[in-house]
Amino acid sequence: MGDQMQVIVEKLNQEPFRKNYNLISFDSLEPLQLLQLLSDVLGEIDPKHAVDIREELPEQTAKRMLNLLGILKYKPPGTVSDLSAFRQGLVTGSKAVIHPVLHWLLQRTNELRTRAYLARFLVRLEVPAEFLQDDTVADFNKQYEELMEAFKNLHKEHEQLKISGLSTAEIRRDISAMEEEKDQLAKRVERLKKRVETVQNHQRMLEIARQLRLEKEREESLAQQRQEQKSQLFHAEQRLQRAQVQLKEMQHMVADSKPESLMKKLEEEINFNSYLVNEKIPREMESKKTSVYFLQKLVAEPAMTQGDLTALESEIEEVTAQMNQLIEKRIITYEPTDSKFSMYRQQASIISRKKEAKAEELQAAKEEMSSLEKQVEQKNSQAHGLGGSEVLTEDEFKQYVSRLRSKNTLYKRRRQEVAEITAEYGILQRTEELLRQHHQATQQQLQAIEEKKGISGYSYTQEELERVSAVKSEMDEVKGQTLDNMSEMVKKLNAMVAEKKASLAPVIKELRQLRQNCQELSQERDEKKLQYDSCAAGLETNRSALEQEVKGLLEECAQEESNYRYINCMKRSLEVQLQRAREEMKAYVSPEPQERRRAVREQYTRIILEQENLGKKLREKQKVVRESHGPNMKQMKMWQDFEKLMECKRECFLKQQNQAAIGQIIQEGGKDRLVL
């Protein structure tokens, strides 16, 4: 207990409390002061509890403190009877109750401050189930839970950022370094500008560089868009392939199946889906909701200590013992008549378990089939990406084999034809080679004969002349054809021009007449336009004059209307005053005293008399106060002196008591040393 008080006093003397207590002064605190101290500590943890307990009832104080201690997960020692004693001690300000609470709070102030802050947002409001049937209430509850989850995530991010070690000093250093780097870059830019200004046409070069940068950025954005469009196209092709595969499968199923088998498959699928929707999925959803609710409740609670775990384990053991006792009682009170239904219950449970197992197997088989279909689609997409074709079905493969056989037959026939052509080509090559050799031998013989006759080169010259004459004749033919074509084209053009002139002659005559009419109409239009402009100017001046006149009349009308309303209001107020004066005169002249009392004059006379009487009483009271002021001041001063005297006596008594206690402690310490 002494160590506990020592820890409490040390914590209270530190920031932010600064109470300057010692063990004696803390132990001599009154119950009300202890409660106020506990309230101050709780107020430091949660600012809402920083209140003066003298301004609230004891029950309210105890309820407020118990609520916050429950949120902070404070576990008072003892059983249920001890809990009631704890509540009673908290109301009365017992030291045995408040000292452990202060010791527990002061040892973990920062942790409890965080827990109290989180409790403001994470303590879930329990909404009754009948209220959740309303759609509006359910929507609000859903929004409330979503906001709570968002707050949890934000708080976690905040804590992670705090742990990450990014302090304001580091951020300031980074900002200062970035500013220095910015200044250096600005200086470098200035130097480069000065250097560039000496270059000829630097503005044009800068503009070209800027355009180049913009074009590069545009090129990057276009490349990115192209890549995105490629990916979109690839995904669209994959979706198209999947849709085509599904369409082929459905067509194959429709072609190979009968209406009875299709109806049977549909009935089986409907039965399976109805079982999933009505029985299996609701049970799974209910179990998931229950587990999620318990997990959310567990997450909302703060971290558990070892003491909390041991308490929960002991509670689990107690509940398990109670369950075993209830099972034993049920076995003892078992009646034989229930055995008739036990067999049917067992059979029903076995069938339901088998049904669930088969449903799970079917679900697993469907999932496996869907995964295999996805793998097949992936393989098809990979094959398509590598330049291959899709996987063929059985019918398509048969058609492919038949087409391959026909192509093979055609290939063999064409290969035979190619072999024949190749053989013939070899024969022709050989013939050409023989003829070339024969031609060369003949040429050599001809040259030898020309040399013998003394006319060497005659054959070559003759061949060249023949070749040149042939080329010249071809060129002459081409020129002649070109001249003929040009002459024909000129004739055609002349004919077309004459034809166009003949067809355009009446149109040109009409155009001349229309031009003359247009000039006359333009002149007439100009004259009419001058007349219109002069008339419009005169009408505009008249209109502006009329507008000014109308504006003045409207203002005059509004002024007269306001004067009329003012005079009318004054008239009504004067009529009301005249009516009140007539009623006042009638009541004042009336012989009945009741009517006279209702008169305003009588009311004001009565009020004046009451105020005069009140003034007389106040003057008398003032006189009495003046007469008793001196003796009362003397008496008050005497009481103040008496209070100071009693306070001085109390302080002397406390000092004497403290000195006696210290002397006793010193004597006991001397005795202990003597004994040693």
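**Surface, content and confidence**

The accessible surface of the protein chain comes to about 58000 Å², and carbon and sulfur atoms account for 58% of that area. The model is a predicted one. Its protein chain contains 17 helices and zero strands. Of the chain's 676 residues, 11% count as buried.

Confidence comes next. The mean pLDDT of the protein chain is 79, with 88% of the residues at 70 or more. Among the elements of the chain, helix H9 (residues 168-197) has the highest mean pLDDT, 83. The lowest mean, 66, belongs to helix H16 (residues 593-597). Where pLDDT is low, the predicted coordinates should not be read in detail.

Helix H3 covers residues 31-45. Its 15 residues should span 21 Å at 1.5 Å a residue, and the end C-alpha atoms are 21 Å apart, so the two values agree. Buried residues in H3 include Leu-34, Leu-35, Leu-37, Leu-38, Val-41, Leu-42 and Ile-45. Gln-36, Ser-39 and Gly-43 of H3 are also buried.

Helix H4 (residues 58-71) holds Thr-61. Is Thr-61 buried or exposed? Its relative accessible area is 5%, under the 20% limit, so Thr-61 counts as buried. Leaving aside neighbours within four places in sequence, Thr-61 is in contact with Ile-53 and Glu-56.

Helix H6 runs over residues 95-107, which makes 13 residues. From first C-alpha to last it reaches 18 Å, close to the 18 Å expected at 1.5 Å a residue. The N-terminal end of H6 is capped by Ser-94, which has a side-chain oxygen 3.5 Å from the backbone nitrogen of Ala-96. Among the buried residues of H6 are Val-97, Ile-98, Val-101, Leu-102, Trp-104, Leu-105 and Leu-106. The histidines His-99 and His-103 are buried there too.

His-103 has a relative accessible area of 18%; the limit for a buried residue is under 20%, so His-103 is placed in that class. Which residues does His-103 touch, not counting those up to four places away in sequence? They are Gln-4, Val-7 and Ile-8.

Helix H7 (residues 109-122) has 14 residues. The distance from its first C-alpha to its last is 19 Å, close to the 20 Å expected at 1.5 Å a residue. Buried in H7 are Thr-109, Leu-112, Arg-115, Ala-116, Leu-118, Ala-119 and Leu-122.

**An aromatic pair in helix H17**

The structure holds two aromatic pairs. In one of them, the ring centres of Trp-639 and Phe-642 are 5.9 Å apart and the ring planes stand at 90°, so the pair is edge-to-face. Both residues belong to helix H17 (residues 600-675), where they are three residues apart and thus separated by about one helical turn. An α-helix has 3.6 residues a turn, so residues three or four places apart point the same way.

Key:
Residues are numbered from 1 along each chain as its sequence is written. This is a predicted model: local features need pLDDT of at least 70, side-chain atom pairs count only at pLDDT 80 or more; totals for chains, interfaces and linings use all residues. Side-chain values use heavy atoms; hydrogens and water are left out. Helices (H or I, at least four residues) and strands (E, at least two) are DSSP runs, numbered from the N terminus. The expected span of a helix is 1.5 Å times one less than its number of residues. Buried means under 20% relative accessible area, exposed over 50%, partly exposed in between (1.4 Å probe, protein chains only). A polar contact is a pair of N or O atoms within 3.5 Å; within protein, one must be able to donate a hydrogen and the other to accept it, and residues adjacent in sequence count only if both atoms are side-chain atoms. pLDDT is the predictor's confidence in each residue, from 0 to 100. Contact means heavy atoms within 4.5 Å. Rings of Phe, Tyr and Trp (its six-membered ring) pair if their centres lie within 6.5 Å; planes under 30 degrees apart count as stacked, over 60 as edge-to-face and the rest as tilted. Accessible areas come from the Shrake-Rupley method with a 1.4 Å probe; for residues, only the protein chains shown count as cover.
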